[in-house]
Amino acid sequence: MMDLTGKHIIVLGYAPSVRFAPWSNKDVVLFGLNDQPFTMPRVVVLFELHSPDVIKVEGHWEKLAKLDIPVFMQDHYDDIPKSIPYPLARVAQEFHIPGTTKPYLTCSASEMIAVAIMCRPKKISLFGIDMAQNHEFREQRPSCEFWMGVAHGRGIELEVQP
């Protein structure tokens, strides 16, 4: 896992508050998802956790192959040299809750927060993770709140947008 001890990690989504991210602050580490490095400046770690078929249909596969940043994916793909398998087993081991068989990950945002926590940052901020849609409230928000609680319990400062 990347050692970002003491750093400030920004987890980016697509919701409206993403426009308030501190794009010009060179001291933050931007975690983006899907196609964000092609449209948003300074994303240095990418999470593209869709199936290869979906990525190819969306036309991003060839673009991912050209990136020079780590790309967390479902697996390593030789034609995407910077692809890294998402560390699901390690997340499950480090954050195991007795009585469960898998970690509480319901969306890319919670998967990103889990990895951010494992990087031992000083602070995690969420921009564009607004959870304002009904399906987000029902399925995704509780998982993100859980991981924010884990971060808080580990002494990581949190920042969320109103």
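A salt bridge is a side-chain nitrogen of Lys or Arg within 4 Å of a carboxyl oxygen of Asp or Glu. With that in hand, let's look at this predicted model, where a search of the whole structure turns up six salt bridges.

First, the overall picture. The protein chain has six helices and seven strands, and along the sequence they run β-β-α-β-α-α-β-β-α-α-β-α-β. The radius of gyration is 15 Å, close to the 15 Å that the globule rule gives for 162 residues, so the chain is as compact as a globular protein of that length. Buried residues make up 47% of the 162 residues.

Now for the charges. The chain carries 16 positive and 19 negative side chains, and the centres of the two sets sit 6 Å apart. Side chains of opposite charge can pair when their charged atoms come close. Here are some of the pairs:

| Salt bridge | Closest N to O |
|---|---|
| Aspartate 3 and arginine 120 | 3.1 Å |
| Arginine 154 and glutamate 94 | 2.7 Å |

Take aspartate 3 and arginine 120. This pair links distant parts of the chain, 117 residues apart: aspartate 3 is in the segment before β1, while arginine 120 is in the loop between α5 and β6. Aspartate 3 is exposed, at 52% relative accessible area, whereas arginine 120 is partly exposed, at 46%.

What about glutamate 145 and arginine 141? Both lie in helix α6, four residues apart, or about one turn of the helix. Glutamate 145 is partly exposed at 42% relative accessibility, and so is arginine 141 at 31%.

Methods: Residues numbered from 1 in each chain as written. Predicted model: local features only at pLDDT ≥ 70, side-chain atom pairs only at ≥ 80, totals over all residues. Heavy atoms only, no water. Helix = DSSP H or I, 4+ residues; strand = E, 2+ residues; numbered from the N terminus. Rg over C-alpha atoms; globule rule 2.2 N^0.38 Å. Buried < 20%, exposed > 50% of the residue type's maximum accessible area, 1.4 Å probe, protein only. Lys, Arg positive; Asp, Glu negative; His and termini not counted. Charge placed at Lys NZ, Arg CZ, Asp CG, Glu CD.
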